[in-house]
Amino acid sequence: MDLGIDYIFDDIDSFLAELGDLLEQPCASDDLARQRTSQYVHFLVRFQQEFITTEAQLAQVAYKLIDSTFYLEHSTTILSHLLQGHALLLQDHSHLLIAYGLLLYAGKEDPRWMQYVVEEAYMRKRNRLMAKIMGELVQLQNDRQVMCVALSLAFEMGKVAKFKRADWDAVTQEIITFLLDLVESSRTDTDEQFHTYIILLLLVLNEQFIMAGDRSNLVIAALSFRLQNSTTFGENLIFLLNRSDDACIQLLILKLLFSILNEPKLFEYFYTNDLYVLVDIILREVCDLGDDQEAETLRDAYLRVLRPCLLNTQLRDRPYKKAEIHQVLCSLITPYMNRKVDPNVRTLAVRILDEWWEKVSQRHVAPVLGAQVQNAVIHSSNGRDHAAIVVNGTPSPPIASSASTPTARNPLPTPVVAPSASSSTSANNKDECQVACS
């Protein structure tokens, strides 16, 4: 490849073929690898307007490099040069798009490469690349393609490395407010992905504040200050949770939701209808998640969000799907069909029932906690049955109605799992909690 030659390509396939020819040339030294990397970047910049106008096309040329033998043999040299010789030095948007894009997709392909990029970016205990991107965001707002790549790269870096003290200098209240304003100003924008990239960066910044421990959370502070001016952000947050199948992103969203729902100034941040959607998502996910460690971690997080959602928000006065929530929680306390439930999840379920049920039903304990249960099975209206909690020893008397004189709360009895009447149901389907989700 000679950059002094005028190339004419009939289509993107011929352009990609030329890239392949460059990457297949022998490379015997680090100096030659750096030179080859710069050739690749400049060639992409030269034809960016013709062949790299979409996210998919950027990914295509990035993976052309990542999948090559050249990258396999010289990956650290290539990444270091992309960072030191291009990403940290250049301001031109076309160059930034290519340099940031190649680093982004290398890191998404293997998080270890993103960790390497972060390590290389540090100088004097400061991530220079993160600081540069945070400082460029305002100038990049009119170039959506470059800004989306920059937001994504910052998100990926924030996922793999905890901020050091000097890194916080780049994270200001002004930049948080700017990002929230961008979400609101583009409310009617048809490009949903743009909102997603902004939200993801805010999510990872919230996580960094949580990990720091000794810093005021500027994301929560900004939302508290602009309570009526960030409704689109809240709507999109729940929308993203509903749509995402990425466990990491789900967990980051749940952590931010937990912070919001436990901040008194934000108890009524979400619209009631959005809270209804959130409850529906939680019921679905708690039922549908599997039994591996990742699933149990997510289930625990969903329940931790459910508790303040029921106790702190409008739902404390406008209960939603009481029966379904009650049945799901009971199914976690007394699982059937030999289903294993993490002890922390079971404890959370008991705590939510203990704190929430009395408030919404004017009863001292949940109906299946200490009450007589016929045949130790709860019979649901849709024909499915699931196990109830049975109390050892003499059955307790029926719970008094709300019109009766209330009795003192008894200590929570030790539950004994009763066999389900629907034991023929296949363990491979998701009927275990479907009684509450259908």
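**Figure 1. Buried residues of helix α15 in the predicted model.** Within α15, the buried residues are Thr272, Asp274, Leu275, Leu278, Val279, Ile281, Ile282, Leu283, Glu285, Val286 and Cys287. The helix covers residues 272–288, and its 17 residues should span 24 Å at 1.5 Å a residue. The C-alpha atoms at its ends are 24 Å apart, which agrees with that expectation.

**Figure 2. Helix α9 and its burial.** Of the 17 residues of α9, 13 are buried, so that the helix is mostly covered. At 1.5 Å a residue, this helix (residues 144–160) should span 24 Å.

**Figure 3. The largest nonpolar core and the surroundings of Phe233.** The largest nonpolar core comprises 142 residues. Those that touch the most other members are Phe15, Leu129, Leu137, Ile176, Phe233 and Leu237. Helix α11 (residues 192–212) gives the most to this core, contributing 11 residues. With residues up to four places away in sequence set aside, Phe233 touches Leu180, Val183, Glu184, Ile199, Leu202, Leu223, Leu256 and Tyr269.

**Figure 4. An aromatic cluster that includes Phe15.** The model holds 16 aromatic pairs. The ring centres of Phe9 and Phe15 are 5.6 Å apart and the ring planes stand at 75°; because planes over 60 degrees apart count as edge-to-face, this pair is assigned to that class. Phe15 also pairs with Phe47, with ring centres 5.7 Å apart and planes at 55°, so this second pair is tilted. Phe15 lies in helix α1 (residues 12–24), whereas Phe47 lies in the loop between α2 (30–46) and α3 (48–51); the pair therefore ties together parts that are 32 residues apart in sequence. One aromatic cluster is formed by Phe9, Phe15, Phe43, Phe47 and Phe51. Relative accessibility is 14% for Phe9, 0% for Phe15 and 4% for Phe47. Each of these values is under 20%, so Phe9, Phe15 and Phe47 count as buried.

**Figure 5. Charged ends placed over aromatic rings.** The charged end of Arg144 sits over the ring of Phe194, at 3.7 Å from the ring centre. In the second example, the charged end of Lys164 sits over the ring of Tyr122, at 4.4 Å from the ring centre.

Figure 6. Apart from neighbours within four places in sequence, Thr37 is in contact with Phe70, Ile78, His81 and Leu82. The C-alpha atoms of Thr37 and Ile78 are 6.2 Å apart in space, although the two residues are 41 residues apart in sequence.

**Figure 7. Positive phi values at Arg124 and Lys321.** Most residues other than glycine have a negative phi. Arg124, which is not a glycine, has a positive phi near 55°. Arg124 is found in the loop between α7 (111–121) and α8 (128–140), and its relative accessibility of 75% means that Arg124 counts as exposed. Lys321 likewise has a positive phi, of about 50°, without being a glycine. Lys321 is found in the loop between α16 (293–312) and α17 (322–333); at 32% relative accessibility, Lys321 counts as partly exposed.

Conventions: Residues numbered from 1 in each chain as written. Predicted model: local features only at pLDDT ≥ 70, side-chain atom pairs only at ≥ 80, totals over all residues. Heavy atoms only, no water. Core = buried A, V, L, I, M, F, W, Y, C linked by side-chain atoms within 4.5 Å. Buried < 20%, exposed > 50% of the residue type's maximum accessible area, 1.4 Å probe, protein only. Helix = DSSP H or I, 4+ residues; strand = E, 2+ residues; numbered from the N terminus. Contact = heavy atoms within 4.5 Å. Expected span 1.5 Å × (residues − 1). Phe/Tyr/Trp six-rings, centres within 6.5 Å; stacked < 30°, edge-to-face > 60°. Lys NZ or Arg CZ within 6 Å of the ring centre and 35° of its normal.
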